Amino acid sequence: MLCDLFGEVLGVSGVGIDDDFFDLGGHSLLATRLASRIRSVLGLEMPVRALFEAPTVAELGVRLDGSDGVRIPLEPRERPDRVPLSFAQRRLWFLHRLEGPSATYNMPWALRLTGKLDVEALRAALADIVERHESLRTVFPETDGEPYQLILDPKDARPALHTATVGAAGLQSALDTAARRGFALAGELPLRVSLFTTGENEHVLLILMHHIASDGWSFAPLSRDLMAAYEARRQNERPKLPQLPVQYADYAQWQHELLGDGDDAASVLARQIAYWKQKLAGLPEQIALPFDRPRPAVTSYRGDLAAFEWGAELHAALTEFARSEGASLFMVLQAGLATLLSRLGAGDDIPIGTPIAGRTDEALDDLVGFFVNTLVMRTDTSGNPSFRELVRQVRETALAAYANQDVPFEYLVEALNPERSLSHHPLFQVSLAVQNAPETELRLPDLDIGYAGTPRTGSAKLDLFFSVSELRDEARRDRPHGIAIGVEYNTDLFDEAAIASVIDRWQLLLRRLLAEPERPVRSLDLLTEAERTRTLGTWNATDTATPPADLVALFERQVAATPDAVAVRDGAAALSYAELDARAGRLARHLLGRGIGAEDVVALALTRSAQFAVGVLGVLKAGAVCLPLDPDAPAERLTRMLDGARPALVLHHAAWQDGGTAAVRLLSGGDGATPVLDLDSDDLPAPATAARTAPLDPRHPAYLIYTSGSTGEPKGVVVPHAGLVNVALDQIARFGVGPDSRVLQVGAAAFDMSVGDLVMCFLSGATLVIPQGRKGVVGAELARTVRESGITHMVAPPAVLASLPDGDLPTLRCVVTAGEACPPELVERLSPGRRMFNAYGPTETTVCATTSSPLGTPALAVPPIGGPIRNVRAYVLDEALAPVPPGAAGELYVAGAGLARGYLRAPGMTAERFVADPFGPAGGGRMYRTGDLVRWNSAGQLEFLGRADTQVKIRGYRVEPGEVEAVLAAHPRIGRCAVVVREDRPGDRRLVAYVVPAEPGSEPDGTGPDVTAPDGAELRAYAKERLPEYLVPAAVVTLEVLPLTLNGKLDRRALPAPEFESVGGRAPRTPREETLCRLFRGVLGVEAAGIDDNFFDLGGHSLLATRLISEIREELGAEVPIRALFEAPTVAGLAERLDEFTEIRPALTRRPRPTKETR
């Protein structure tokens, strides 16, 4: 009997007891059908796992001897007054209510009919199939928020056949337009049929169904029945079709009976829910994908289709590997897809959805209806398993999922209760399906029938849905002939080119995985040869000849060329190039006379001033190492820096002491161990000594900069001369700096950006302008300085540039933002009328490692940080130091001329961050691990994505605060903002926004109307319109100014803790709020509900949401869309919005029936 059942299900004859089910063409769907037949014929339950583990008749027979009895049979049921929806239907009904009529769940089939078509026979045949399949004449009204199936009488549900004549050129457009028309499920049939005539005896039939009434399997019985009915009607006969054993309404009732009560621990539902809760615990709310655009706050469901094909060779290799592992093609493809997504930056916990037919009883085989269920397949790629190991893991996961497939996905979502979001699909955003539903031969007398392509509904339910079909050789159906892949993708997120890249990379990866299945999946190269050439070669082709002269020689060459030009302007005082060179030379000779030279550190206790320029150049001329100090740094920190650096001398001047801290004044007076020299003294000792006798070695350190360490301890970065010359020459050429340029020194003296400004100016003949004041210059004062000093070039952090009030800055022809991520709003404001660049460079890479091309408007969503500067290389690598493809996130490594020597007296830390460069020229090169996440865009420019070690999760979501900052900064009344993640109570992480009102006016003197920042509620509402819920700040703090460090970066430690209001503590304030609180309590079954309690946090879900909406309609006379509850899920928020919704739809009541004539 088992041999017969194998043959029946597989469509083969002569099955022996040792024949393997899967070798004969079996797959997961056919395994489910076999289980159904065994249940019907033998009265035994066969888990799908049993067939995978015992795939021959002989082995399976032994396994079945100990099987359990069969479950309750699927038979016709007595119909209640209101037939309940199936679980799957309930979710689609809810989404329909949420979104309104749309094409998101439209299912179009287009058939090309060539030959003599009997249109009236077709019209009658359509009525026959609607009569035969109740699902096609079911509408979905509701009472008190509860939907039910209303099955119409066949004579009241005859479908219309819409006819039109179109030319061949307009056919696709006509199909797409028809396929995009939504259904009104409450009263409209879920079937719509259109016939397009394209020529004599040429037609295209479009059958459009809503998913609530159909699924992919349904096309086979639908087409069989339609062809049989058409043939009968052509003969003026009624079709003689066998009676269906059950209808969809019977299935819906049976499903509820089969699953049982979730509160009953012994029920199927409770047992399977327990499995899924354990299996999906801690599932990421969403995974990161190589998006072309950021995810919107509310998905539009806009989408498109793309089609691809793989060859027979790969198809055969995949099939053979699957058989060798006792797995299905789907399992191998899923393991490969999970590997790909993980390698593209999705992490190592990859949930992928997959549809499963859901027709677990043979009574459903010939029925049109929505039976498909969705399973969540979770793949763990951590630990870098081999591909063989990963396929075995996926196989076990899939078999366990098949054994627990009865829990409807809709119920699973409610049971797991993930964070609700209108921006993405719950539990998974990527789905994979291998299409193996039964095929039907399309054939009719006088007609040739074929598929007419896929009409585009213009919608996408998910971020990515991969639909895979196996192609077969017509002569040998058992021979692999290729794989067709259709991809439905969300066009809010992806361009078609990105989809093509994903498919190409999936194919490439699968080939390499199959060739070496024992290799760890992360060790296989993801790049094509062309991509490897671009990312490691073309985009890093930066080799540029550098003059043999050192930095001091290049400066002296400039002095000789323009001795009388102004080198430094410090307030009213100015130094020419000749004067600057003379003072610096005098200092250098003094240092040399003290025996200070190469590798010796000289600390510069100097404020930003002309003296700072003299000090830096004097130390460099002596061949020693500059250590700039911050006059406002705590004494303890200064002490640690000096203890670590062990300077041979401290240079200071009066401005350092004036107004400085007691610690600074004490330091300037000397500590008894380190000599101190006052640069303001007219009696600077000048020992009788010659200048340097040996040339500078480019490998010798030029300066030592202390930066903050992750532990809070400062770390000293030792930077050689070679990198400083390289970056100066690059910026001079790139930014157009020359003798007519005036460069404003914005950064503090202890910031490496200031050293960069200095050498850029002094090697080009430009003038370095020192702004007045001990502190940084920002806002209106900064604008005034630019105008009054005729500044042409400025390099500054975004926080400083953002403080510039709107107004004309006619002389400023080049702006460079550096130090922090540049928001697009800043580019929109500052790039018109001048060149603007975005520069990037950790201290460890000598001021600047990459620079963008000139930025313009409209600004990109992520202004790029560009490509590597001259003689520098930039690599984007994964955890295994393998290059990642363009578009994928990876960590940035920098190599080449700009690399620092390392960290002072910290060999362990140096070895950790400066590692061997496997991609550079031979000779033991190094690369610096920046800890920054970036990606290459299609133009070969790097985009900064955030820190690899500071990305945080809030409620399971990966959060990058910069995304929130960009949205808030666009508010017209916000001047500057910062968003941070605070954890003021252990385990309670919240996003907090700190905002500064916009400048009061755009006039140079600051006049204009007063501007106040929006309050917290207004700004959160503004953010809620543009961001997913989890990115809306929990609190907003208004400040007069954002605290900045001396280097112009945001001082996060100085941001005050917010004051949160107690959620749930406020009582109703109005009768409307009292009513809503009562309705919340009643619908949710809770004892208390305050006006600030979140409906979903109290246990609400989609079904309860519809009940609440119905209650509000009855009690308050407002027709509130479900979307409003998602957008305002508290009593307070909902009460404010009720006035928007006053129109009440007509109640559902008994209506007089139309007569035949009026009908």
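**A colleague's note on this predicted model**

1. Let's start with confidence. This is a predicted model, and its chain averages a pLDDT of 87, with 89% of the residues scoring at least 70. Two stretches call for care when you look at them. Over residues 659-666 the pLDDT is below 50, and beyond near neighbours in sequence this stretch has seven contacts in the model. Residues 1155-1159 also stay under 50, and for them the model has two contacts beyond four places in sequence.

2. Next, find helix α5, residues 87-99. With 13 residues at 1.5 Å a residue, α5 should span 18 Å; its end C-alpha atoms lie 19 Å apart, which agrees.

3. Is α5 enclosed or open? Twelve of its 13 residues are buried, so the helix is largely enclosed by the rest of the structure. Among these buried residues are Phe87, Leu92, Trp93, Phe94 and Leu95, but also Arg90, Arg91, His96 and Arg97. Just after α5 comes Gly100, which takes a positive phi of about 85°.

4. Now turn to the sheet. Nine strands make up an open sheet with mixed pairing, in the order β17-β16-β25-β24-β26-β27-β28-β29-β30. At its edges are β17 (573-576) and β30 (867-868), each pairing on one side only.

5. Strand β29 (residues 850-851) runs antiparallel to β30, and two bridges join them. Here Thr850 stands opposite Pro868 of β30.

6. Which helix lies across β16, β17, β24 and β25? That is α19 (residues 610-621), which runs at about 135° to β16 (566-570).

Conventions:
Residues numbered from 1 in each chain as written. Predicted model: local features only at pLDDT ≥ 70, side-chain atom pairs only at ≥ 80, totals over all residues. Heavy atoms only, no water. Helix = DSSP H or I, 4+ residues; strand = E, 2+ residues; numbered from the N terminus. Expected span 1.5 Å × (residues − 1). Buried < 20%, exposed > 50% of the residue type's maximum accessible area, 1.4 Å probe, protein only. Pairing = 2+ DSSP bridges. Contact = heavy atoms within 4.5 Å. Axes fitted to C-alpha atoms, helices over the stretch in contact; angles between N-to-C directions. pLDDT = per-residue confidence, 0-100.
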